[in-house]
Amino acid sequence: MSVQAKKINFLMAVLFAVIFLLLLAPASAFAVEGPAVMITNYVVEPEVLMPGDTGTITVTIQNMGKLSTETETKTMTTMYTSATKTTATISAEIENIRLSSRSRDIEWFRGGSQRSEYYNVGALGPGESIAISLPIKATTYAQDGTYLPEVCIEVENGENVRFPVPVKVDSSVVEILEKDIPSEISLSESKEIEIVVANNRPNLVSGVNVRMKLKSDGLEFTPEQIFIGDLGAYEKKEINFTFTPIAAGNKEFSFEVSYKNGINSHQNEFKSSILVRSIADVKLILVNAPESVLKGEIAKIDFDVANGKAKDIKAVSVMPEIEGLRILPSEYFIGDMEVGDVFSASFDVYTSSLHIGDTEIPFKLVFRDVDTDRRYETTGYLVHIEVKEPHKSELPNLALFVALVIIFIPVAVFVWVRVKRK
């Protein structure tokens with residue numbers, strides 16, 4: 001082959017190479033890659049679930065593609081070629097979003113419907129993002145720990161996404177603890193008691209409220225409830241109630257703390273008791289009462305009322321606590337009593353309606369505080385009286401004899417006069 005022929009062949013080869021590159025350039029310029037979708041952020045609410053709680057996983061989904069234009073300049077040995085390359089990222093078509101979990105302790109919360117995923121969510125343009133909330137529920141038997149349910153995103157024109165989200169479950173509760181509650185208290189004495197509300201959970205709870213749930217008769221608490229609001233993780237709060245008994249005896253009471261973990265309401269109860277008795281107080285003292293009476297007789301009962309308090313009292317009265325029995329007076333009113341005063345109170349008990357045998361007649365003492373006008377009662381005294389049958393009397397036979405004598409004398413006088421006239 002001549003030198004001239006070799007040059008022609010070389011030029012032809014270069015020409016074919018240039019044509020190939022020119023044909024390849026447009027194909028490269030319009031090559032399109034599928035959209036890249038990612039989860040860029042997530043939030044679990046509440047931060048830590050309790051067994052049985054419902055909540056949400058909110059994820060931020062973003063199309064990471066961006067529209068860009070690039071210009072390339074290529075210089076070859078024998079000729080100059082200029083080409084423009086444009087790469088365009090198209091919108092991401094999200095087909096569905098669902099939750100996948102290996103454990104049934106954390107599930108998609110259906111909320112009365114059969115839905116377990118979101119369909120046809122829509123398209124995300126390049127750089128665009130969307131926040132989607134997935135409802136979740138921790139089963140009532142869920143164990144404490146961290147679970148990793150996966151958020152699954154199916155992209156019609158791109159790669160699917162599986163993103164594990166840590167969800168914590170903790171069964172710790174908010175509880176009421178005793179700090180300063182006396183075992184006993186004097187009747188008519190007000191006393192402040194102190195309790196502690198403790199959030200044992202690793203997350204904040206809201207709407208914390210403490211109220212009196214149950215109390216025995218003869219107890220008063222102020223205030224009836226105390227609103228605390230938010231309690232942070234492992235935070236404690238001390239609160240006070242004023243306790244005022246108005247009747248003696250062993251008194252039971254309970255407080256209830258209610259709170260919210262996210263949107264979930266929870267309650268917990270605290271129970272306690274206190275003995276109420278008279279200590280250096282107003283006292284009812286029995287002075288005199290018969291051991292036994294005949295049925296139908298009047299039994300006289302005498303009391304002394306002593307003010308052993310360190311302050312004056314008012315509206316003092318003594319009254320029987322029995323129905324169906326005639327007792328006079330029905331209430332013995334004393335009135336005001338200063339410190340150390342002693343007054344008497346007497347009652348007449350009519351025994352005609354009582355049964356034969358032993359009888360208990362209860363009396364109580366009532367008074368008011370001079371400062372607060374609060375009314376108090378004390379269980380005063382049980383009076384024991386034996387009711388006996390009355391003795392059989394000879395009076396009916398004697399009365400009959402006298403009546404016969406009275407009738408006989410006029411008759412005898414009348415007969416004697418008639419006989420004498422004859």
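Biologist: Which residue forms a salt bridge with Lys-179, with the closest N and O atoms 3.7 Å apart?

Modeller: First, this is a predicted model: local features need pLDDT of at least 70, side-chain atom pairs count only at pLDDT 80 or more, and totals for chains, interfaces and linings use all residues. Residues are numbered from 1 along each chain as its sequence is written, and side-chain values use heavy atoms, with hydrogens and water left out. A salt bridge here is a side-chain nitrogen of Lys or Arg within 4 Å of a carboxyl oxygen of Asp or Glu. The partner at 3.7 Å is Glu-194.

Biologist: How many residues apart in sequence are the parts that Lys-179 and Glu-194 tie together?

Modeller: Strands (E) are DSSP runs of at least two residues, numbered from the N terminus. Lys-179 lies in strand E14 and Glu-194 in strand E16, so the parts tied together are 15 residues apart.

Biologist: Is Glu-194 buried or exposed?

Modeller: Buried means under 20% relative accessible area, exposed over 50%, partly exposed in between (1.4 Å probe, protein chains only). Lys-179 is partly exposed at 45%. Glu-194 has 18% relative accessibility, so the residue counts as buried.

Biologist: Which strand holds Glu-238, linked with Lys-179?

Modeller: Lys-179 forms a salt bridge with Glu-238, with the closest N and O atoms 2.5 Å apart. The two are 59 residues apart, and Glu-238 sits in strand E20.

Biologist: What is the relative accessibility of Asp-369?

Modeller: Asp-369 meets Lys-311 in a salt bridge of 2.9 Å, N to O. Lys-311 is partly exposed at 27%. Asp-369 counts as buried, at 7%.

Technical notes
Helix = DSSP H or I, 4+ residues; strand = E, 2+ residues; numbered from the N terminus.
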